[in-house]
Amino acid sequence: MSRTPWTREQVLDLFHRPFFDLLFEAQQVHRAHFDANEVQVSTLLSIKTGACPEDCKYCPQSARYNTGLETERLMEVEKVLERAREAKVNGSSRFCMGAAWRNPKERDMPYLVKMVQEVKAMGLETCMTLGMLNAEQAGRLAEAGLDYYNHNLDTSPEFYGDIITTRTYADRLNTLENVREAGMKVCSGGIVGLGESPEDRAGLLLALANLPRQPESVPINMLVKVKGTPLENQEELDDFDFIRTIAVARILMPKSHVRLSAGREKMNDQMQALCFMAGANSIFYGCKLLTTPNPDENSDLQLFKRLGLRPSGVSQKPDEMAEIELHEQIAEQNAPKPLYYEA
Ligand code: SF4
C-alpha cells in the first residue's frame with residue numbers, strides 16, 4: 001500500500017507546535033493504533049562487546065576511544081541461551097542480541113544461526129544487531145528464524161558525517177534494504193543529544209518515516225555521555241526536546257513500536273511517564289543496554305505498577321503485578337553488567 005511521503009515542512013511544523021498540542025495529537029494517534037496501557041518489553045544482551053573498528057563518536061565500544069570498557073569475544077551459544085531463558089521468565093517477549101562489529105564474518109555465521117534457532121524455539125521473538133549485513137547473510141538469518149534486525153540511521157543524513165566516518169548513510173540504507181528483502185522486520189531509529197540541531201532531529205525522523213516501508217520498531221536513544229568518547233562533554237539536551245522527538249515519531253509512524261532506549265536510566269519516573277504519554281510503547285528491560293546502565297528491572301516493574309501499564313505479549317495484568325516480585329528476585333540474582341546499544 002503506497003503512502004504519501006511526509007515532507008520536511010510537515011515534520012518541522014510538528015516540532016514547532018505548542019508542547020501540549022503535540023502531545024495531545026501523539027496520544028490520539030497512539031490510541032488509534034495501540035492499547036495505550038501496554039508496553040512491549042525486550043531484553044538486550046551483548047553477545048560480543050567492544051573492540052569495534054567503527055568510529056561512532058557516541059559509542060564506548062569503538063576501539064578508537066579509551067573508555068575502559070572490558071572487551072569480550074563472541075559468547076558461547078549455551079550462555080546466550082541461559083540469558084534468553086531468564087529474559088523469558090522475567091516477562092520479556094523479545095530477546096535482542098547485539099554484537100559490536102562492522103559486520104559479521106563468515107566464521108561467526110553458524111553460531112549466530114544456532115542462537116537464533118534456539119532462542120526462537122523457546123517461544124521468544126528474536127532480534128539481532130550485528131552491524132552491516134549483505135543480502136546473503138540477511139537471507140541466512142531470516143531462514144534461521146530471525147524476526148527483527150536492528151540497524152539505526154542514528155541521525156539526519158546532513159549531520160551524519162559529524163558523528164560517523166567509517167560507514168555511510170547509504171551503507172545503512174543498504175543493510176535495511178537487505179533485511180527487508182530477506183523478509184525480516186526492521187528495527188531502526190536514532191540517537192538524540194549528539195549536538196544535532198532541531199532540523200536534524202526532524203531529518204532523522206523524516207528519513208525513517210519515508211523508508212519504503214516504515215520500521216516496525218523505532219528506538220529513540222538519548223545520548224549517554226561516556227567518558228573517553230568524543231561526546232563525553234556534549235551539552236545536555238532539554239528533556240522536552242526529547243519528549244517532542246518521541247511524539248513526532250509516534251505521529252509520523254503510527255503503527256511502529258517507538259522504543260525508549262539508551263538514556264532511560266537518567267530519566268526520572270515523571271519523564272518516562274511523559275514519554276509513554278507521547279507514544280513510546282516499548283522498552284528494554286534489564287540492566288544491559290550494550291554498555292550503558294539501564295534502570296534495574298525492579299524500578300521498571302514498580303513504574304509499570306504505578307502507571308497501570310502492563311507488558312504486552314505476556315499474561316501479567318496490573319492487579320497481578322505482585323507475582324512479579326518473584327521475577328524481581330530472579331532479576332536481582334542475575335543482574336548483568338551494564339552495556340550500550342546500537343550497531
Ligand atoms: S555503535 Fe556499533 S558500529 Fe558504532 S562503534 Fe559502537 S558497536 Fe561499533
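The legends below describe close-up views of a predicted model. Residues are numbered from 1 along each chain as its sequence is written. In this predicted model, local features need pLDDT of at least 70 and side-chain atom pairs count only at pLDDT 80 or more, while totals for chains, interfaces and linings use all residues.

**View 1. Confidence along the protein.** The mean pLDDT (the predictor's confidence in each residue, from 0 to 100) is 86, and 86% of the residues reach 70 or more. Residues 287–292 have a pLDDT below 50 and, beyond near neighbours in sequence, 41 contacts in the model; two residues are in contact if their C-beta atoms, placed from the backbone, lie within 7 Å. Residues 315–343 also fall below 50, with 72 such contacts. Where pLDDT is low, the predicted coordinates should not be read in detail.

**View 2. The largest nonpolar core.** This core (buried Ala, Val, Leu, Ile, Met, Phe, Trp, Tyr and Cys residues joined through C-beta atoms within 7 Å) has 85 residues. A residue is buried if 20 or more other C-beta atoms lie within 10 Å of its own. Y149, L205, I246, A247 and A249 touch the most other members. Helix α8 (residues 239–252) supplies the largest share, eight residues; helices (H or I, at least four residues) and strands (E, at least two) are DSSP runs, numbered from the N terminus. Leaving aside residues up to four places away in sequence, Y149 touches M128, L133, V179, M184, V186 and C187.

**View 3. Helix α5 and its cover.** Within α5 (residues 135–144), Q137, A138, L141 and A144 are buried. These residues line one face of the helix, because they fall within an arc of 125° seen down its axis, the arc being that of the directions from the helix axis to the C-beta atoms. Their cover includes α4 (109–121), β3 (125–129) and α6 (169–181). After α5 comes G145, with a positive phi near 115°.

Key: A residue is buried if 20 or more other C-beta atoms lie within 10 Å of its own, exposed if 12 or fewer, and partly exposed in between; C-beta atoms are placed from the backbone.
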